[in-house]
Amino acid sequence: MIIAPMHNYKLNNLTPFKSKWKNTPTKLIRIPEILESKILAYAHSLDNNQNADNSLVTVKLKEIIVKIDNKEKGYKNNSASQLIKDLKELFE
């Protein structure tokens, strides 16, 4: 098998590429197309050291805390006061 030598003149025409990622090196992976935008958005938020505060679990826990604060029916803090304090502490 003959391997053609790489010519330097071809490399001179390449434009330098600056990665959009802060954490390098990067890796090529295969993901389902339908999940691409969500996965990339999540990966970029991790790369920018942002917390994923908009996850479904986080949103639902914050809704529960609001209901507890408003003492809505079924959300009055009877014997679960320490649990409620701990939940609130997670988001402070």
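The model is predicted. The protein has four helices and zero strands. Of its 92 residues, 8% count as buried.

**Fold and surface**

- Read from the N terminus, the order of elements is α-α-α-α.
- The accessible surface of the protein is about 9,100 Å². Carbon and sulfur atoms hold 56% of that surface.

**Largest pocket**

- The volume of the largest pocket is about 270 Å³.
- Its lining includes Trp21, Thr26, Lys27, Leu28, Ile29 and Ile31. Glu36, Ile39, Leu40 and Ala43 also line the largest pocket.
- By class, the lining counts seven nonpolar residues, one polar residue and two charged residues.

**Backbone geometry**

- Most peptide bonds are trans, and most residues other than glycine have a negative phi.
- Threonine 24 and proline 25 are joined by a cis peptide bond. Omega there is about 5 degrees.
- Proline 25 sits in the loop between α1 (8-12) and α2 (36-47).
- Asparagine 49 follows α2 and has a positive phi, near 60 degrees.
- Lysine 71 follows α3, again with a positive phi, near 50 degrees.

**Helix α2**

- α2 has twelve residues.
- From first C-alpha to last, α2 reaches 16 Å. That is close to the 16 Å expected at 1.5 Å a residue.

**Helix α3**

- α3 covers residues 56-69, which makes 14 residues.
- The end C-alpha atoms of α3 are 20 Å apart.
- Thr58, Ile65 and Ile68 are buried in α3. They lie on the same side of α3, because they cover an arc of only 80 degrees around the axis.
- Lysine 62 is also in α3. Its relative accessibility is 36%, so lysine 62 counts as partly exposed.

- Isoleucine 84 belongs to helix α4, residues 81-90.
- Isoleucine 84 counts as buried because its relative accessibility is 8%, and the cut-off for buried is under 20%.
- Isoleucine 84 and isoleucine 65 are 19 residues apart along the chain. Their C-alpha atoms are separated by 7.7 Å.
- Lysine 62 and phenylalanine 91 are 29 residues apart along the chain. The separation of their C-alpha atoms is 8.0 Å.

Key
Residues numbered from 1 in each chain as written. Predicted model: local features only at pLDDT ≥ 70, side-chain atom pairs only at ≥ 80, totals over all residues. Heavy atoms only, no water. Helix = DSSP H or I, 4+ residues; strand = E, 2+ residues; numbered from the N terminus. Buried < 20%, exposed > 50% of the residue type's maximum accessible area, 1.4 Å probe, protein only. Areas by Shrake-Rupley, 256 points an atom, 1.4 Å probe, with all protein chains shown as cover. 1 Å grid on protein atoms, 1.4 Å probe; cavity = no way out; pocket = protein on both sides within 12 Å on 5 of 7 lines; lining within 4 Å. Points joined across faces, edges and corners; volume = space filled by probe spheres on them. Nonpolar A, V, L, I, M, F, W, Y, C, P; charged D, E, K, R; others polar. Expected span 1.5 Å × (residues − 1). Arc of directions from axis to C-beta.
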